[in-house]
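Please consult the sequence and the structure shown below.

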Amino acid sequence: MRKRFIVAIASLTAALAVAAAQSQKTQVVYWQYQFDSKVNLVNDLIAEFNKANPDIEVKQETFPYDSYIAKVKSSLGAGQGPDVANLFYGWLPDWVGSNLLQPLPASFPAKQLEERVGSLVKASKINGQYYAVPTAVRVLAVFYNKDLFKAAGITSVPKTWTEMEADAKKIQKSDNGKVSVAGWAVQPEGQDHHLFREVLSRQWGGKPYTTDFKKIAYNSLAGLEAFKWYTGLIERGAATRGLDLFPGSGNAYRDSFISGRAGMIVDGSFAISAIRNGAKFNWGVFELPVREAGGLRANFGSYWVHGLTPNAKGAKLEASTKWLKFLTSDDVQRRWLKAIGELPANTVLAAAPELRKDPIYGPFIASIPFARATFFVDEAGQRKALSDALNSVWLTKTDPAKALESAASGEQKLLTDFFKR
Amino acid sequence: MTQSPRAKRSGLTLAGRQAVWAYVFLITPLLFFLLVRIYPAFESLRLSFLDYRSPLTVNPFIGLENFQEMTQDATLHRALLNTLLYAVIGVPAQLVLGLGVAMLLQGINKYKGIYRAIYFAPYITPIVASAWVWQWLLNKNFGPVNALLEQFGIPAQPFLGSPDQALVSAAALVIWQQLGFQIVLFLAGLEGIPRVYYEAASLDGVTTWTRFRYITLPLLNATVVFSVVIATNGFLQLFAQVANLNPTDQGGPLDSTLTVALYIYRMAFQSSKMGYAAAITVLLFAIILLFTVFQLRVLRRRVEY
């Protein structure tokens, strides 16, 4: 009996030793949030990469968007989790401040990044260093329902905000206080807080922040006029809150558009594939309007990045760097665009003629050169400060001037706290 | 009882050995409890004195600064008030409805199982699904509830979309969802009341109300105490239902449904203020402890058989 036991233990030990020897491969753990088209593409990429690099084994793990940040923070804190992670550029200051990322290795020179990605990348330079490589750029445009436009007798897309409002009014249908079709589905928590910050506040003659991003500047007179114009859309019968049209959704404005309940939405290029797959009507895209014909064009540009965490050390760092290089190569970037619909974070690739002429991608591509990225120190907190202000005008009839002031003071506190830290 | 030679060797009686084994089995969950409950509780007490960001950063000791910040934090005050409101609305509603439905269920004989299953179903329905359906039911433009109100000439109500109505609408979801659990508790409690009391009462020819007031309610006291404590703790720690009722603006609109637990999550994981979040956890712990001790003291006093 005892003898048999010893034999069993010995063979088990031997088996483990063999298994250990076989797994001499360096493991790279890659994390991103769950987004089907991205996950599928990365799975394909991993298969290729692992085949080309037999000594490395990349493993992908994904989490729902809502719990992604919490997962990353708690895992890295415990020495677990990813070696390479996907994140929004707006999270960088927080992640870098929490030591969740290490500076990019020398094989990603800053100069090359700036040439490749363009001026947008500068919003992710922290303490004079880059901590992540941009992979997908996103800008805003207006998605519109061609069928609803036609039914309302609108023959051309609006060029100014005034025209857009007039068209939205023609499309919006309501009965007894209930809206059945919205002219324009608005959602401050969606992309509209960006619309106010980087587009409207500038086009109305102000600016969102001081140039060093340390002080709020949108609470100027010009900013207030823009704020009043936007918040007044609902009362003037041109717009409806997305959440009142399609509850239960994380992207109520977009889902109400996809379900045919909204004539227009302002959304990012990342929405293209969702709308393409979901919308059962004719739709199109036009560039964000301007305030007056020939006036200032503005746009909000944002991007997702890939960075290396403190877990990537020694051989793991080398393998992770290799994977990151592969992930950000021109070839992969091209495929990223095709499979996911996100614009490559690469000025040369994005300038390809077939993209510029594309009726869907074209309006987005045209906006990249003048798009600006906000420097977020607490993306969720800053978004909430502004979206609460916009909502308070609609939901509690707060005076716009007071609402804007409370957004500015709330957001200023976050900025001040960050720069103090 | 004569002792066996084996027991003599170990110096223990049979009962003694059984007790030893009982302790061994008891100590395992106790260790587990210490490790996953008590230790983190003390750990968060420690964190509450630090400017804690992440385990990977230097996190300086800042004394009571986090607690001082809590006195200035208007959003936290809102969350505390909301949480209290949830409990004040939810606990009595859950108790009254739970007891009422349990008594009705006890009174029927046909299809007993089916009725019980129906009332218990919400409790085992995933919160995300319930929250989603709830939002559609209460939607201003397309919801069936508003369609019904319209039949009575009442204008469309925004419910979850309005800072004034959202908290009550959210509380209604929680009440509906937790009702099944309360019903089970009360059914068990009702079954435990000896029939003889009711028989004696019916011989005396007392009214239904008298029966309820002087037999059912006093003899259910232990169940009521347990129910109140469990329901209150549930509302004080409310998180998932509220987070799912408005996924893009958790706790919204305008923080009108925000709970303390949700605010802790927001501070810890969205704003990276782990130390501050830990300090609020300590506050919430103190509040729940206070409530529970108070409830046990006050409500227990009336137990008399």
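In chain A, strand 7 (residues 140–145) and strand 11 run antiparallel and are joined by five bridges; two strands pair if DSSP finds at least two bridges between them. This is a predicted model, in which local features need pLDDT of at least 70, side-chain atom pairs count only at pLDDT 80 or more, and totals for chains, interfaces and linings use all residues. Residues are numbered from 1 along each chain as its sequence is written, chains are lettered from A and ligands numbered from 1 in the order in which they are written, and side-chain values use heavy atoms, with hydrogens and water left out.

**Strand 11 of chain A**
- A:A141 stands opposite A:D267 of strand 11.
- Strand 9 (residues 178–186) of chain A pairs with strand 11 of chain A in the parallel sense, over two bridges, and A:A182 has A:A262 as its bridge partner.
- Seven of the seven residues of strand 11 (residues 262–268) of chain A are buried (under 20% relative accessible area, 1.4 Å probe, protein chains only).

**Helix packing in chain B**
- Helix 3 (residues 65–72) and helix 14 (residues 274–300) of chain B pack at about 75 degrees, with their axes 9 Å apart.
- These two helices of chain B are therefore roughly perpendicular (65 to 115 degrees).

**A:T321**
- A:T321 lies in helix 13 (residues 314–327) of chain A and is buried, its relative accessible area being 11%.
- Not counting residues up to four places away in sequence, A:T321 touches A:P105, A:S107, A:F108 and A:L308 (heavy atoms within 4.5 Å).

Conventions. Buried means under 20% relative accessible area, exposed over 50%, partly exposed in between (1.4 Å probe, protein chains only). Helices (H or I, at least four residues) and strands (E, at least two) are DSSP runs, numbered from the N terminus. Axes are lines fitted to C-alpha atoms, for helices over the stretch in contact, and angles run from 0 to 180 degrees between N-to-C directions. Angles under 35 degrees count as roughly parallel, over 145 as roughly antiparallel, 65 to 115 as roughly perpendicular and the rest as oblique.
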